[in-house]
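Trainee: I have a new model open and would like to learn how to read it. Where do we begin?

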Amino acid sequence: MKKLVVLTGAGISAESGLKTFRDMGGLWEQYDVTEVASPAAWRRNPELVMRFYNERRKALFEAKPNAGHLGLAALQKQFEVVIITQNVDDLHEQAGSKQVVHLHGELRKARSTDDPNLIYTLDKWELKMGDLCEKGSQLRPHIVWFGEAVPNMSVAAEFAKQADVFAVIGTSLNVYPAAGLLDYVSKDIPVFFIDPDELPVANRKNFTFIKEKAGIGVQLMAKELEKY
Ligand code: OAD
């Protein structure tokens, strides 16, 4: 089976009702990123950081995968599909995607502030100050904050190198190292971009831009992929 590797961002979950970051009305218009998504913010005001991620988690508990997520899962019949996502939601998994690499962490999980290997799946949306790991330390959101290492980047880069087809869906490609993944993709393979807005990257051969929302865009890409 050929390998289809897909990099997704907040845009793929927009039609599920989850906000993107940099669009009009996006999260970084409402919040200062350095106040809620950095180790310094956690030291300064952990309650605010908790509240920000609790709101995100509450929205996720109410969200369902959309046609974009479901369409990518359906492509597993034809391809070995690897999703590399910057999203912290689990809508790809809920849609049935089997191989999902999370670059920026997972909202449904919390981890110990003392031992990063102690990771817990949350069964409720609210994480509170005073919720402790088994060693007695405060739990924090299992999120990669700005300024922190991206542990899954090396595995993601390896998948990008192995791709027979690559797709980029719903990301402004503003945040590194994730945005640099394209550098690992062979120049000879087809690359699809799906985004209703302008194209962040061009100048590749074998390149198709589908200027649509993910729901319809993934269907159009799947039609193109029938040829492969
Ligand atoms: P952005 O908010 O930067 O970009 C979202 C992209 O999705 C834009 O290019 C939109 O045009 C596009 N978009 C909007 N609606 C769409 C739809 N229905 N279908 C398809 N595309 C749509 O989000 P990301 O690129 O994912 O990191 O942001 C990357 C990282 O920045 C996030 O993971 C987060 C953020 O700060 C951390 O918090 C560490």
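**Rings, a helix and a loop**

Mentor: Begin with Trp28, which is buried because its relative accessible area is 18%; buried means under 20% relative accessible area, exposed over 50%, and partly exposed in between (1.4 Å probe, protein chains only). This is a predicted model: local features need pLDDT of at least 70 and side-chain atom pairs count only at pLDDT 80 or more, while totals for chains, interfaces and linings use all residues. Residues are numbered from 1 along each chain as its sequence is written, and side-chain values use heavy atoms, with hydrogens and water left out.

Trainee: How is an aromatic pair described, and what kind do Phe21 and Trp28 form?

Mentor: Two values describe a pair of aromatic rings: the distance of the centres and the angle of the planes. Rings of Phe, Tyr and Trp (its six-membered ring) pair if their centres lie within 6.5 Å; planes under 30 degrees apart count as stacked, over 60 as edge-to-face and the rest as tilted. Phe21 and Trp28 form a tilted pair, 5.0 Å centre to centre with 40° between the planes. Phe21 counts as partly exposed because its relative accessibility is 29%.

Trainee: Which arrangement do Phe52 and Tyr53 have?

Mentor: Phe52 and Tyr53 are edge-to-face, 4.9 Å centre to centre and 85° between the planes. Both Phe52 and Tyr53 are buried. Ring pairs join Phe21, Trp28, Tyr31, Trp42, Phe52, Tyr53 and Trp145 into a cluster.

Trainee: Which charged residue lies over the face of Trp145?

Mentor: A charge sits over a ring if NZ of Lys or CZ of Arg is within 6 Å of the ring centre and within 35 degrees of the ring normal. Arg140 lies over the face of Trp145, 3.7 Å from the ring centre. Lys58 lies over the face of Trp125, at 5.5 Å from the ring centre.

Trainee: Which residues of H8 are buried?

Mentor: Helices (H or I, at least four residues) and strands (E, at least two) are DSSP runs, numbered from the N terminus. In H8, Ala214, Gly215, Gly217, Val218, Met221 and Leu225 are buried. Seen down the axis of H8, these residues fall within an arc of 165°, so they line one face of the helix; the arc is that of the directions from the helix axis to the C-beta atoms.

Trainee: Where is Ser97?

Mentor: Ser97 is in the loop between helix H6 (91-95) and strand S3 (100-102). Ser97 is buried, with a relative accessible area of 7%.
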